[in-house]
Every structure is written in structure tokens, then in C-alpha cells.
Amino acid sequence: MISVVIPTLNSERTLPETLSALIPAAVDGLVREVIISDGGSTDETRKIAEGCGAEFLIGASGRGGQLARGADRTKGSWLLFLHADTVPQGEWMREVADFACAVDQGKRPPAAAAFRFKLDDRGLKPRVLESLVSLRCRMLGLPYGDQGLLISKRLYLEVGGYKDMPVMEDLDLVRRLGRRRIVMLQSPAITSPERYKRDGYARRTLRNLMCLGCYFGGVPAERIAAIYNRGPVS
């Protein structure tokens, strides 16, 4: 029923936990296949993926292009896009199945769904950030890629799928979907806090906001990628 697509690049540290979370769904028949779309890893990413029975694709790096290539290979009628350091938890299997079935049976209009954002870190700062993300999703309908994205293949193709962009590919797609076709699930997806811990929560949050502002201001994705990865550019 569901094809899972995961973009990777030297993801050996985080990928095992993400794949492990999918095992019960595969046994239950909810997940039909897992496709790892790799951007040229030099670590043990391929070995880990193939050891779990996932299909492994190799291509140019860049998350948008990797996601698009992975989606092109899927056979399921529904797609679940996950980052390699994002782990769905709670009642996610039930919620995902209920949502997909409701759309398929015409009980709700075609839409995509994202998980609730949660960081794998303790303390006040991650909780504040989670609250801010929740507010952004409620007010603007803009979940990021680290919240996953569940979407029927029909709707995915209808809106044009992921574009080959180095960053902001997640916002580009959800904006084409539109706020009315984005549903927030209750189940959390726990993601790695590595960037926030490395850069500092305030600095990383401000940088992300700067990237968001640049995106809405029409700044080319390549320049936004420079800001996201290394800081502001002149």
C-alpha cells in the first residue's frame, strides 16, 4: 500500500533507527517497500539499507532530486517521505492507515499529511522550538521535511512532485499542495537535534527563519543552501 522514500547521504548513524521503526509496518502489510535514494554516501549507508531489504538507488546529491528519483521508482499507491534521521512514533501506523483509507474511500477530500515535530533532546529549548513549529503548522500550514510527508501517488503527480532543489524542496511541494490539503497528524516524528546542538538553538532557528524569508522573497535555492549550510552569504 505505502512506499517509503528516504534520501540519504552518509547516514549510517541515524538510518538504522529510522528503518527499525518501519519494520512493524512492513510486517503488518502497511508498508510495501522502502526505497533509499542516496546522494553518494561513502560510509556504511548502503550496507545498512540493503541489509534491511530496502531498494538502494544512487544518484546526484541534493535532497529534492533524491526524493524525486525515489518517488519515480515506487509501486505503492501512497508515498511516505522520511528523512534519514526522522523516526515516526506513537500510533503512527494507525493514523497513517486511517488517513489513507479515508481519502481512498472518499470520506475526506484528497490531501497530504505530516507528523508532529519532536526533537530527540531534553530541556526547555527543544520544547520551545517544538511549540513554535506547531504554531507555524497551525497558522501557515507549512510542515518541513523532518515531519515526513504522507501523500497519495495520484496527488503527488497531480501537483508535480518534488523539484530538483538543494534546499526548500519540502516547502516548495507543500505550497503547491496548499494549506487546505495539508493535515497534521497527532503522532510525532522524532528527529535528530544535531544541527541545533552544533550551531546553538537560537542561531539555527534564526538561520532557518532567514532561509524561509529568502525563499518567500524569491532568492535562488542555491544561495539559500549557502545560508542553510554555512551561514549568511554576501
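Analyst: Keep in mind that this is a predicted model. Let's start with Ser37, whose side chain reaches the backbone oxygen of Gln66 at 2.6 Å.

User: Where does Ser37 lie?
Analyst: Ser37 lies in strand 2, which covers residues 31-38.

User: Is Ser37 buried or exposed?
Analyst: Ser37 is buried. Its relative accessible area is 0%.

User: Why does 0% count as buried?
Analyst: Because buried means under 20% relative accessible area, and Ser37 has 0%.

User: Which residues does Ser37 touch, leaving out those up to four places away in sequence?
Analyst: Ser37 touches Ile6, Pro7 and Thr8, plus Leu57, Gln66, Leu67, Arg69 and Gly70. Gln66 also provides the backbone oxygen that the Ser37 side chain reaches.

User: New topic. Which residues make the nonpolar surface patch?
Analyst: Leu124, Val128 and Leu132 make that patch. Its area is about 300 Å².

User: Which helix holds Leu132?
Analyst: Leu132 is in helix 5, residues 124-140.

User: And how accessible is Leu132?
Analyst: Leu132 has a relative accessible area of 46%, so it counts as partly exposed.

User: Now cysteines. How many disulfides are there?
Analyst: The count is 0 disulfides. A disulfide is a covalent bond between the sulfur atoms of two cysteines.

User: What about Cys52 and Cys101, how accessible are they?
Analyst: Cys52 is partly exposed, at 48% relative accessibility. Cys101 is partly exposed too, with a relative accessible area of 32%.

Note on methods:
Residues numbered from 1 in each chain as written. Predicted model: local features only at pLDDT ≥ 70, side-chain atom pairs only at ≥ 80, totals over all residues. Heavy atoms only, no water. Patch = residues over 30% accessible without salt bridge, like charges linked within 9 Å, V, L, I, M, F, W, Y side chains within 5 Å. Areas by Shrake-Rupley, 256 points an atom, 1.4 Å probe, with all protein chains shown as cover. Salt bridge = Lys/Arg side-chain N within 4 Å of Asp/Glu carboxyl O. Helix = DSSP H or I, 4+ residues; strand = E, 2+ residues; numbered from the N terminus. Buried < 20%, exposed > 50% of the residue type's maximum accessible area, 1.4 Å probe, protein only. Polar contact = N/O pair within 3.5 Å; in protein donor to acceptor, adjacent residues only side chain to side chain. Contact = heavy atoms within 4.5 Å. Disulfide = S-S within 2.5 Å.
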